[in-house]
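Visitor: I would like to learn how to read the features of a protein model. Please take them one at a time.

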Amino acid sequence: MSPVIETDEHKALRAAVSALGRRYGRDYITRVVAEGAHPAELWSEAAKLGYLGVNLPEEHGGGGGGITELAIVLEELGAAGSPLLMLVVSPAICGTVIARFGTEDQRRTWLPGIADGTRTMAFGITEPDAGSNSHRITTTARRDPGSGDWLLTGRKVFVSGVDMADAVLVVGRTEDARTGRLKPCLFIVPTDAPGFRRSPIDMELSAAEKQFELVLDDVRLPADALVGDEDAGLLQLFAGLNPERIMTAAFAIGMGRYALRRAVEYARDRTVWQAPIGAHQAIAHPLAQAHIDLELARLMTQKAAHLYDAGDDTGAGEAANMAKYAAGEACVRAVDQAVHTLGGNGLTREFGLASLITAARVARIAPVSREMILNYVSHQTLGLPKSY
């Protein structure tokens, strides 16, 4: 089936997830944020309905689908005003990496719990001094020659949801015995491990999922904490980063759709000078353009997800970056136009749009900036020389 035309199963999934999201809605998320809590009820219900693990293998408790289906889940929850950011992290990144590259024991240990919501995994890659340059990651793992254990040392920042996670999939580096160079590897690090410390980052952004800095001080891990092949770390890393970009695009599209819906409802009802303000092209045309931009971003997101699920990692890499870029831009424009449509009401708590002004920028910044995506497209797709 072409990614342009959704199957009946996908349409049914959208409708079912949308109904779940509307039962909770923006008011639920706002309350959870105000209480400093997690959206536990929504997370639990989504798990019971099979949505959290829709992309994971059936033999390990999942739905047997792919990132295509998981992206639908996140987009529709976001469009209803109740997104679950940890869908990007736990099942999409960590679940995908373990399902593709983990040992059978790692799959049995983690995937059923990730699928049914009883276990959650965070993802740690960003470092204070590395930023977009993953080659500068300094978190290192060395072998204890006596026991064969790994000793992991380093720092990570902007790690989402560590307080609700059982473990963090940490990107570190090990020394290549042949060349002495450091190469990327992934480790499953329990959050209760000795030497593992977390501290919250004070964010202006209001979100149910908190951001943390991690300090790893000679955290001792068993030999089987390493995910996959020690020599295939880069391949395994990008197997998780492509779904992250696709899911971030879905997150942004959902947020943009929510803001646009609220603006359209307001433009239909708000009457000034005997006519609804939506009758004026100065209001109607920007909203129509926002809708077009979101739909175009969704098409690229669907393409990226289908390529990834088909096993085309190279094609998915290009498409995932483009989808993330397009969705981030479309989301920011949709939110801005929604706030402008409501005028002063767009900045009130009653209508719940003002907080999205900050939240929408996340899709431009994370997990990779729009400028780095333009760098990728310019030299990978267009063949232009690198500037860095």
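**Reading the fold**

Guide: Residues 24 or more positions apart account for 70% of the contacts in the protein with a separation of 6 or more, where contact means heavy atoms within 4.5 Å. This is a predicted model: local features need pLDDT of at least 70, side-chain atom pairs count only at pLDDT 80 or more, and totals for chains, interfaces and linings use all residues. Residues are numbered from 1 along each chain as its sequence is written, and side-chain values use heavy atoms, with hydrogens and water left out.

Visitor: How many helices and strands does the protein have?

Guide: Helices (H or I, at least four residues) and strands (E, at least two) are DSSP runs, numbered from the N terminus. Here there are ten helices and nine strands.

Visitor: What does the radius of gyration say about the protein?

Guide: The radius is taken over C-alpha atoms, and the globule rule is 2.2 Å times the number of residues to the power 0.38. For 388 residues a compact globule would come near 21 Å, and the protein has 21 Å, which agrees. Its C-alpha trace spans about 85 × 50 × 40 Å along the principal axes.

Visitor: What share of the residues is buried?

Guide: Buried means under 20% relative accessible area, exposed over 50%, and partly exposed in between (1.4 Å probe, protein chains only). In the protein, 51% of the 388 residues are buried.

Visitor: Which residues of the largest nonpolar core touch the most other members?

Guide: A nonpolar core is a set of buried Ala, Val, Leu, Ile, Met, Phe, Trp, Tyr and Cys residues joined through side-chain atoms within 4.5 Å. The largest one holds 94 residues, and Leu87, Phe123 and Leu169 touch the most other members. Helix H6 (residues 233-269) gives this core its largest share, 17 residues. A second, separate core has 21 residues, including Ala122, Trp150, Phe187 and Val189. Beyond its neighbours within four places in sequence, Leu169 is in contact with residues that include Cys94, Ala122, Phe123, Phe187 and Val227.

Visitor: Is Ala225 buried or exposed?

Guide: Ala225 counts as buried because its relative accessibility is 5%. Ala225 sits in the loop between strand S7 (211-221) and H6. Not counting residues up to four places away in sequence, Ala225 touches Gln106, Leu186, Phe187 and Ile188.

Visitor: Where does Gly117 lie?

Guide: Gly117 is in the loop between helix H5 (104-116) and strand S1 (121-124). Leaving out residues up to four places away in sequence, Gly117 touches Trp43, Ala47 and Leu52.

Visitor: What should I look for in the backbone angles?

Guide: Most residues other than glycine have a negative phi, and most peptide bonds are trans. Asp218 has a positive phi, near 50°, and its place is in strand S7. At 34% relative accessibility, Asp218 counts as partly exposed. Trp273 also has a positive phi, about 55°, although it is not a glycine. Trp273 lies in the loop between strand S8 (271-272) and strand S9 (275-276), and counts as exposed at 75% relative accessibility.

Visitor: Which peptide bond is cis?

Guide: The bond from Ala366 to Pro367 is cis, with omega near -5°. Pro367 is in the loop between helix H9 (354-365) and helix H10 (370-381).
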